[in-house]
Amino acid sequence: MFENVKEIPGDALLALMVAFKNDPNPNKIDLGVGVYKDDTGLTPVLNVVKKAEAFLLENEVSKGYIGATGSPELGPLLQKLMLGDNHPLITESRIATAQTPGGTGALRVAGDLINAVNPAARIWVSDPTWSNHFHVFAGAGVEVRTYPYYDADQNGLAIDAMLEAIRQIPQGDVILLHASCHNPTGIDPTAEQWDQISTLVAERSLVPLIDCAYQGFGEGLEEDVYGLRTLLSQCPEALITTSCSKNFGLYNERIGALSLVTEKAEHCQRAFTQVANCIRANYSNPPAHGAAIVTTILSDHALRQQWEQELADMRQRIQRMRNELVSSLQSLNCNRDFTFIAQQKGMFSYSGLSKEEVLYLRAHFGIYAVESGRINIAGINDQNIGLLSEAIHQAIQQ
Ligand code: LMR
């Protein structure tokens, strides 16, 4: 069976992680994979997570299976986090949520669900998007197409081209939109642009699949779901994939969720049986620990307050590093304008660095970024920003 199997290249982002790890350079800088790092370069366990885990250690009574759609407490808590209390979708029972192994697990279940209920539907993703979107949906047997998103000349959103492309998407297809902190560009639509996008998506009878992986990392927990709420106010059906990896720092616990929004409550109950079926056929039921942590935090007032503060600290540190990188490059009199980096949102920045410049940074300074020019701003800290700025200054002069 395996003797003639062809070797295939590994995932480029994961390979970058390994290359960084193996680099002996003591001054190396990791701006690759999207994990938060504090000012010492560590991806910390949040203090509030430690508290929740201590509580669970004392109080957990069973390690029994939790069922295909996971923790029944988690779904309503995540719905409220995204929509606010008493949202009509909640009070009218038009939303149902299944716990999944991370945001990626949610995306895969969404792909399986689309393939099960409407195999003709295609998924339209932004160009560029998170590279794994293509693999995940292809794995689920759903055809993936792209719509324009990035305006390289302006380092901004190509809103006109995007809207024009959405006008051409066939009715009933699925359109994936990043709720906030667009990965990889860091460029989010403004509120006005979200209004335009939502109106058009509804007019075209498209089903939005909202990838909500960074709530709280952009401008705030509420601000980061403006687009999500606007889309849901106009579109009768939707899918939402949530990740708790970044905003709870629970990367390796694999905790996320898939929410299904339908026009009527009875559609929701029926369609949710298909979600459960996709999960059962895929991994049977999700791991419990991450969901227990998130549930413990979100259902306790004091823990929730502490979490919001720790999340704000992460967000503010990233914004500070954005501003400092821009100032630091300006003080070196770089012959390129990087001011747009301070306007982008979340962990990532499409820095405008070319593939050659990225490879120069890697070869000469042990600075690891994605070849597209995406940098993880959270990898910058007070100790490495001087070296990084100097290195970028040199790279763009080559
Ligand atoms: C990233 O884009 O770096 C993150 O979402 C991590 C991953 O799994 O790719």
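Which residues in α11 meet L303, R304 and W307 in α12? In this predicted model, local features need pLDDT of at least 70 and side-chain atom pairs count only at pLDDT 80 or more, whereas totals for chains, interfaces and linings use all residues. Residues are numbered from 1 along each chain as its sequence is written.

The residues of α11 that meet those of α12 are T296, I297 and L298, with contact taken as C-beta atoms, placed from the backbone, within 7 Å. Helices are DSSP runs (H or I, at least four residues), numbered from the N terminus. Helix α11 spans residues 289–298 and helix α12 residues 301–331; their axes lie 6 Å apart at an angle of about 105 degrees. Axes are lines fitted to C-alpha atoms over the stretch in contact, and angles run from 0 to 180 degrees between N-to-C directions. Helix α11 is therefore roughly perpendicular to α12, a term covering 65 to 115 degrees.

A second pair is formed by α7 (residues 159–168) and α8 (residues 191–203), whose axes come within 10 Å and cross at roughly 10 degrees. These helices are therefore roughly parallel (angles under 35 degrees). Helix α7 contributes I159, L163, I166 and R167, and α8 contributes Q193, Q196, L200 and V201.

Residues 304–331 carry the UniProt feature "coiled-coil region", from an unreviewed entry; such annotations may be inferred rather than shown by experiment. This segment is 100% helix and 0% strand, with its end C-alpha atoms 40 Å apart.

Around the ligand are L13, V33, G34, W130, N132 and N183, where a residue counts if its C-beta atom, placed from the backbone, lies within 6 Å.

How values were computed
Helices (H or I, at least four residues) and strands (E, at least two) are DSSP runs, numbered from the N terminus. Angles under 35 degrees count as roughly parallel, over 145 as roughly antiparallel, 65 to 115 as roughly perpendicular and the rest as oblique. Two residues are in contact if their C-beta atoms, placed from the backbone, lie within 7 Å.
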